[in-house]
Amino acid sequence: MIEMKVDNKPVLVTLYDMDKNYIKNNLIKEKPFKIPTGKGYTIIESDYLSDLIIEVQSKDEIRQLVDMIRAIKKRNMPVRL
């Protein structure tokens, strides 16, 4: 946990909170995603996708996703593959 100050009040930030912020900050830079469906394609905005990932995935799965995004960024590749 990391202690930060908001309005001069200490606030504890957990690893899970940092992971959620990392996903949001990285996906917000991306264009909308085209997801194939049975009837064609659905376009999902990146902010909606990040909220959906955080809502549906477990803490461990989010941690794995953050590790994958970091590995992609180390190779100077775009997050969108």
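This briefing describes a helix, a strand pair and a nonpolar core. The model is predicted: local features need pLDDT of at least 70, side-chain atom pairs count only at pLDDT 80 or more, and totals for chains, interfaces and linings use all residues. Residues are numbered from 1 along each chain as its sequence is written, and side-chain values use heavy atoms, leaving out hydrogens and water. Helices (H or I, at least four residues) and strands (E, at least two) are DSSP runs, numbered from the N terminus.

**Helix H3**

- Helix H3 covers residues 59-74, and its 16 residues should span 22 Å at 1.5 Å a residue, where the expected span is 1.5 Å times one less than the number of residues.
- The end C-alpha atoms of H3 are 23 Å apart, which agrees.
- Ile62, Val66, Ile69 and Ile72 of H3 are buried, meaning under 20% relative accessible area, with exposed over 50% and partly exposed in between (1.4 Å probe, protein chains only).
- These residues cover an arc of only 125 degrees around the axis, so they lie on the same side of H3; the arc is taken from the directions from the helix axis to the C-beta atoms.
- Exposed Asp60 and Lys74 sit on the face of H3 turned away from its buried side.

**Strands E3 and E4**

- E3 (residues 33-37) and E4 (residues 40-44) pair in the antiparallel sense over 5 bridges; pairing requires at least two DSSP bridges.
- A hairpin through 2 residues joins E3 to E4.

**Nonpolar core**

- The largest nonpolar core has 11 residues, including Tyr22, Phe33 and Leu49; such a core is a set of buried Ala, Val, Leu, Ile, Met, Phe, Trp, Tyr and Cys residues joined through side-chain atoms within 4.5 Å.
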